[in-house]
Amino acid sequence: MAIIEVKNLVKKYKISEKENGILGYIKHLFHPKYKEQIAVNNISFNIEKGELVGYIGENGAGKSTTIKMLTGLLTPTSGQVVVNGIVPNEKRILNNKQIGAVFGQKTQLWWDLPVIESFKLIKKMYEIPDEDYKNNLKKFTKILDLKDLLDKQVKNLSLGQKMRCEIAATFLHNPKVVYLDEPTIGLDILVKENIRKFIKDINKEQHTTVILTTHDLKDIEEVCDRIILIDKGTIIYDGEKEVFKNKYGKHIIAEFIIQNKNSNITVETIEEEFEIIEENETSIKIKFNHERLTIIDIVKSISKYCEILDMHIQEEGLEEILKEIYRGELIND
Amino acid sequence: MIRNIKLYFSFLVASLKRMMEYRVDCLVGMVSQIAFQIIELVFIWIIFQHTDNIAGWNFEQLLLLYGIMMLSISITDLLFDSTYDIGKRLIRKGKFDTILLRPVHPLISVLGESETSTALGYMILSIVLIVSMLIKLHISITVLLIIKILYFGILGGFIIGGIQTIFSIAGFWTYKSNEVVWSVFQLHKLAEYPIEIYNRFIRILITIILPFAFASYYPAVDYLEIEQNYIIYIVPLITIIIWIIAVSVWNWALKKYRSTGN
Ligand SMILES: Nc1ncnc2c1ncn2[C@@H]1O[C@H](COP(=O)(O)OP(=O)(O)OP(=O)(O)O)[C@@H](O)[C@H]1O
Ligand SMILES: [Mg+2]
């Protein structure tokens, strides 16, 4: 049985429509008018134990809303969520015991206390056995490099230090499911890598199920096996990351280092599959559909205009693919 | 339940620890609150320059009543101080979501965040007042009386704390909830005087609707042995009822909060 089951999940927000001015305000008080906005529109998916799922989509697509419903923070308008046999929204305390969650930069740590004191309170709250607590603390301190941070007050930590502690706090009670809503926002590359490695390590060891939302697709590339792509509240892709890339990543980007250009390179007959991204006197960057053209074709047509010195070929990454999807260029099936 | 209470005290200890970090704030709070109380006492003294009793209560008896209320307030401040500003401090800043994700009832977490700067000052001042007035009134301070004073002081603190907790749900709708709770709290001042001086409406207000009188007036009547009063025996019952209402109201507000999202 899947550890997370989501069926026909819908969330409509009520937005109050206030008219301007004090009169409008009073009018609203007695006769409130609401507009409905559908943030999540009938989504369904199952997630198995131990999966690492990247939940992605544009700003405002409905990711946080979904995560909030999965954690039980938000009551669905309709539809069903079951996490490890529990309906989060009904049995909140029970559900909270088995999950962990990070929401962007909101901290679950006690602001004015040393980090270690927060950890001790968490130990009490989740009734973590001494043994597990000690082991986890030791392990997390090592992977996330917390040694010098534990005695500092949370308010004195930098963003990256805070997030490392936050991640440790989230996994301290060996949660079965962890929801991470933009955990890497604002972090430098090293901290990001540190956190990605941590998630992967713990997943391997504990088979923790992780759902991750992020706008840094490197997070997804490195951590997740599966992608769920949501757009305007509906799921438009759900499946393996590699399959996703093969399905939509039909382009290759080639960069040529050139000299002696005799004229601007124009796109001739093969327009549709061939796009010049950048062009100057010494280099040219071209994107082409590798199902229709080969690199040989490209070399042939460019060499008419200049001398090629060197070239780099790059497969289209998630980022480029998503850019195209967000622009509405790819998905029409 | 036991687990929840234990956790509440763990949170409270953490919060008091953190308060110790701000000793200066603490001291300023304490001094200003004590000054404020002394001004009120001066007012009572001025009133008694013009009359020798209020509804049959003399100056010492009235100060005893005042001291008993202050003892209750000190308990309220110690344990339930955080009910004031949940709107601004927790809900508006989105911190409440992290509290909702903890495996304890959110009310435990919220109450556990109390960080009073007044409780200690009030407690000391109230004990000084109570003891000196009992001596002046020639009431012998027996062990039974001491136990009674502590017992009703604590229950009184829970009654006022419960009332504050009920009104603290305003924080789910407005970040100015501190003003709502503060206004309600201020009504406790009515119960710093014998209820005989009030008309029916105010009596009903402070005994039934917002039973502040059980945190001061009724215990005082008992200690002063003004009359046989059995009403004191229902104080625990009232405390329990208040808290049942407080928890229910909170659960209702939580449900609302979770359906609108924040
Ligand atoms: N409390 C709320 N009340 C009303 N509308 C809301 C509320 N929260 C979110 N919305 C709306 O619902 C939609 C989905 O928002 P959500 O926060 O789930 O997006 P998201 O995918 O997490 O975006 P982002 O990447 O920017 O975090 C948005 O249009 C947003 O304006
Ligand atoms: Mg979001």
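Q: Is Glu40(B) buried or exposed?
A: Buried means under 20% relative accessible area, exposed over 50%, and partly exposed in between, using a 1.4 Å probe and protein chains only. Glu40(B) has a relative accessible area of 17%, so Glu40(B) counts as buried. This is a predicted model: local features need pLDDT of at least 70, side-chain atom pairs count only at pLDDT 80 or more, and totals for chains, interfaces and linings use all residues. Residues are numbered from 1 along each chain as its sequence is written, chains are lettered from A and ligands numbered from 1 in the order in which they are written, and side-chain values use heavy atoms, without hydrogens and water.

Q: Where is Glu40(B) found, and which residues is Glu40(B) in contact with, leaving aside neighbours within four places in sequence?
A: Helices are DSSP runs of H or I with at least four residues, strands are runs of E with at least two, and both are numbered from the N terminus. Glu40(B) sits in helix 2 (residues 23–50) of chain B. Contact means heavy atoms within 4.5 Å. Leaving aside neighbours within four places in sequence, Glu40(B) is in contact with Tyr66(B), Lys189(B) and Glu192(B). Asp222(B) is 182 residues from Glu40(B) along the chain, and their C-alpha atoms are separated by 24 Å.

Q: Which residues does Ile149(B) touch, not counting those up to four places away in sequence?
A: Ile149(B) lies in helix 8 (residues 143–168) of chain B. Its relative accessible area is 12%, so Ile149(B) is buried. Not counting residues up to four places away in sequence, Ile149(B) touches Leu71(B), Ile130(B), Leu134(B) and Tyr223(B). The C-alpha atoms of Ile149(B) and Ile127(B), 22 residues apart along the chain, are separated by 9.9 Å.

Q: Why does His188(B) count as buried?
A: His188(B) counts as buried because its relative accessibility is 4%. The residue is in the loop between helix 9 (177–186) and helix 10 (200–209) of chain B. Not counting residues up to four places away in sequence, His188(B) touches Met69(B), Ile73(B) and Phe212(B).

Q: Which residues touch the most other members of the largest nonpolar core?
A: In soluble globular proteins, nonpolar side chains tend to be buried together. A nonpolar core is a set of buried Ala, Val, Leu, Ile, Met, Phe, Trp, Tyr and Cys residues joined through side-chain atoms within 4.5 Å. The largest core has 163 residues, and Ile4(A), Phe119(A), Tyr179(A), Phe244(A), Phe96(B) and Phe172(B) touch the most other members. Helix 3 (residues 59–80) of chain B gives the most to this core, with 13 residues. Leaving aside neighbours within four places in sequence, the contacts of Phe96(B) include Pro106(B), Phe172(B) and Trp250(B). A second, separate core of twelve residues includes Ala254(A), Ile286(A), Phe288(A) and Ile302(A).

Q: At what angle do the axes of helix 5 and helix 7 of chain A cross?
A: Two packed helices are described by the angle between their axes and the distance between the axes. Axes are lines fitted to C-alpha atoms, for helices over the stretch in contact, and angles run from 0 to 180 degrees between N-to-C directions. The axes of helix 5 (residues 130–144) and helix 7 (residues 189–206) of chain A come within 10 Å and cross at roughly 145°. Phe140(A) of helix 5 and Phe198(A) of helix 7 are among the residues that make the contact.

Q: How many helices and strands does chain A have?
A: Chain A has eleven helices and 13 strands. Buried residues make up 50% of its 333 residues.
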